[in-house]
Amino acid sequence: MKGSFFSLHDLILTLTIVECLCMAVLVRVLPDKHGQSRMIIGCFFLAVALVLASTMIVWNNAFADLAVNKTPVMIVIYVACLLLQGPLLYFYIKSLRSKGHHWSRPDFLHLLPVIGGSIIAIFYGIDTADWRGLTTPDEGKQYAVSFLWALVKFSPFVYVIASARLRYRIHQHLRRGFSSVSEVELRLGDIILLGFLVHWVWTLGTYYVADWVHWSVSNVLGIINNYLVIILINGLFISGLLNAEKLLHPEPIVAEKPSRIKNREHKIAIIEKAIHVDRIYLESNLNIDRFAARLGLRVRDVSAIIKTHYGTNFFEFINSYRIEEVKRLLLMDEHKTENILDIIHLAGFNSLSTFHRFFKRLVGVTPTEYRRQGGVIHTELETAPKV
């Protein structure tokens, strides 16, 4: 980006930075039902804001004489935030699988490129002029600059591909009735993933052709890349505003009183058939809205019947039947070689942690112990609701 501070590009970048900061705040004030995902995506938007801000400062000639540009500080911020975007996006998608991702030591290995890149920039004293190729550095610094350029261009692309693969594998699992992720948040993840895939593919392409085209063409390609991010962020910002009321004030499902449910016994029979004949609980994308729609009933009627007739809620109601299915599969000869994860997917569970919590509470032993004991256990706990 070249030109004065008051150029159109700079003004648009400044507005987009403000929008990124607003998005970072917005996702944090949403209901904390899936707090870890919100925290990660908030950090992602903050990293994008810092990348745009450092881009404007590094590439705008109006800021060339700033003291901060004559030190490695801006390059460290720029490189670190670029390298953070990939891991943050990946762990955001990963955190949507269940209520929370349990962090382990290997997860922190993803910070090594960030730390390594920052150390290299500081050790070699890479400033803005070095980064833009306006100086003729010694051979060591030149290799360091080339290495950092390659790192910031390739690393995010690798992560977005990994995120896409992960998103593909868990696509069905994220849309289950027992996931704490809203449909809006699922769409947000899809838009971010697709948008930054396009952005990073463009970035990688620009990096490859930079040595083969005139600097002015490379500059235009870089500006277009910035506008891809701007369009994506503005789309996310508008989407966030449009869905803010829904996310901030979710409408609870109010159960109807038994006396107000028309044709109550008939509707109970419909639910019974859906469970015991159609075995609808095996569907991986099932929530109370889809359940009611499949049965042709109102959500409030379904919620009221499950609460008053079965004495539980939809979450417990469906998962208890899924536990029974897992128990059945664990003891079948054709499934004895399958691992627990494959079996719970067959039974419709979307979360390994949710499954283990239910299984241990309802059955009294772990799935492995249940399988080893051949289903012979001593427990007075009930499983599926009795009619």
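**Inside the chain**

Searching the whole structure turns up zero disulfides, a disulfide being a pair of cysteine sulfur atoms within 2.5 Å. The model is a predicted one, in which local features need pLDDT of at least 70 and side-chain atom pairs count only at pLDDT 80 or more, while totals for chains, interfaces and linings use all residues. Residues are numbered from 1 along each chain as its sequence is written, and side-chain values use heavy atoms, with hydrogens and water left out.

Cys20 has a relative accessible area of 0%, so it is buried; the word means under 20% relative accessible area, with exposed meaning over 50% and partly exposed in between, for a 1.4 Å probe and protein chains only. Cys81, at 7% relative accessibility, counts as buried too.

Across the 387 residues of the protein chain, 47% are buried. The chain has 16 helices and zero strands, where helices (H or I, at least four residues) and strands (E, at least two) are DSSP runs numbered from the N terminus. Among contacts in the protein chain with a separation of 6 or more, 72% join residues 24 or more positions apart, a contact meaning heavy atoms within 4.5 Å.

The largest nonpolar core holds 33 residues, and those touching the most other members are Ile41, Phe44, Phe45, Val48, Leu52 and Ile192. Such a core is a set of buried Ala, Val, Leu, Ile, Met, Phe, Trp, Tyr and Cys residues joined through side-chain atoms within 4.5 Å. At least two of its residues come from each of α1 (8-29), α2 (35-59), α3 (73-95), α6 (139-169), α8 (183-209) and α9 (215-248), and α2 gives the largest share, nine residues. Apart from this core lies another, of 22 residues, which includes Trp59, Ala80, Trp131 and Ala144.

Phe44 and Phe45 form an edge-to-face pair, 6.1 Å centre to centre with 70° between the planes, and Phe44 and Phe45 are both buried. Phe349 and Phe355 have ring centres 5.2 Å apart and planes at 70°, so they too form an edge-to-face pair. Phe349 counts as buried because its relative accessibility is 0%, and Phe355 counts as buried at 0% as well. Trp59, Tyr78, Trp131 and Trp149 form one aromatic cluster.

Trp202, in helix α8, is partly exposed, with a relative accessible area of 32%. Setting aside neighbours within four places in sequence, Trp202 is in contact with Leu221, Ile224, Asn225 and Leu228; from Trp202 to Ile224 the C-alpha atoms are 9.0 Å apart, although the two residues are 22 apart in sequence.

Elsewhere, helix α12 (residues 299-308) has Asp301, Val302, Ser303, Ala304, Ile305 and Ile306 as its buried residues, and their cover includes α10 (264-276), α11 (288-295) and α13 (314-330).

Terms used. Phe/Tyr/Trp six-rings, centres within 6.5 Å; stacked < 30°, edge-to-face > 60°.
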